[in-house]
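Work through each task before reading its solution.

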Amino acid sequence: MEIRVMENIFDENDRTADELRAKFREKNVFVINLLGSPGSGKTSLLEKTLGALSKKFSVAVIEGDLFTARDAERIDRLGVPVVQINTAGGCHLDAPMIKRALDSIDLDALDVLIIENVGNLVCPASFDLGETIRAVVLSITEGDDKPLKYPIIFKDAAIVLLNKIDLLEHTNFDLNSARSDLQSINPTVEIIETSCTKDSGLENWNGWLENKILSGSEKV
């Protein structure tokens, strides 16, 4: 019975995700599902990304969080339209949540929608949100074993950002091992090293993302 219930949940989510994807394509909106652990630096990276993207594109953000609106408040201060989704303890966003959030977003006026998912390396990986691409932020401080411990979230990522690279010398993070593991899980994945504190690698990330948006890359 439990398996049947889970199948029903995923079936409903996938149907809604397909509807969303069709709508995003119709409106020519590029959608990024931004994933990563709590504390990986997703919101800091998002703030830096919005500073660059909003100069060239019309951008909006959907913020997923368990209870608070603190990350959404940070985005709002940048003058970027943002919709908060609180999951009340749920460990991920799902497609029906995104569908409801779109009631507050004018897709006709939008080029790019960034969804910052709930901080978690497990649950969000299983839920398609109708996104164009998935981007995963992996902090150096989390350890180089995470790709092999949580392979599903990295398997379908278009890009992995190895964030907080400025702290590398203060950790035992094996950069070569992490890169090798990521490429064994996902041979086509792009890997960029970033630091929001030092503004390192952000130009490469923004350039990669801009190229994807302009080319209208399909969901991987």
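**Exercise 1.** Which element supplies the largest share of the lining of the largest cavity?

*Solution.* First, some ground rules: this is a predicted model, where local features need pLDDT of at least 70, side-chain atom pairs count only at pLDDT 80 or more, and totals for chains, interfaces and linings use all residues. Residues are numbered from 1 along each chain as its sequence is written, and side-chain values use heavy atoms, leaving out hydrogens and water.

Step 1: list the lining residues (those with an atom within 4 Å of a cavity point, on a 1 Å grid where a 1.4 Å probe fits but cannot get out). They are Ile32, Leu34, Leu45, Leu46, Thr49, Ile114, Trp205 and Leu209.

Step 2: assign them to elements, which are DSSP runs (helices: H or I, at least four residues; strands: E, at least two). Strand S1 (30-36), helix H2 (42-53) and helix H8 (202-215) each give at least two residues.

Step 3: pick the main contributor. H2 provides the largest share, three residues.

**Exercise 2.** Where do the buried residues of helix H7 lie around its axis?

*Solution.* Step 1: find the buried residues (under 20% relative accessible area, 1.4 Å probe, protein chains only; exposed is over 50%). In H7 (residues 175-185) these are Leu175, Ala178, Asp181, Leu182 and Ile185.

Step 1: look down the axis. The buried residues of H7 fall within an arc of 135 degrees (taken from the directions from the helix axis to the C-beta atoms), so they line one face of the helix.

Step 2: check the other side of H7, where Asn176 and Ser184 are exposed.

How values were computed:
1 Å grid on protein atoms, 1.4 Å probe; cavity = no way out; pocket = protein on both sides within 12 Å on 5 of 7 lines; lining within 4 Å.
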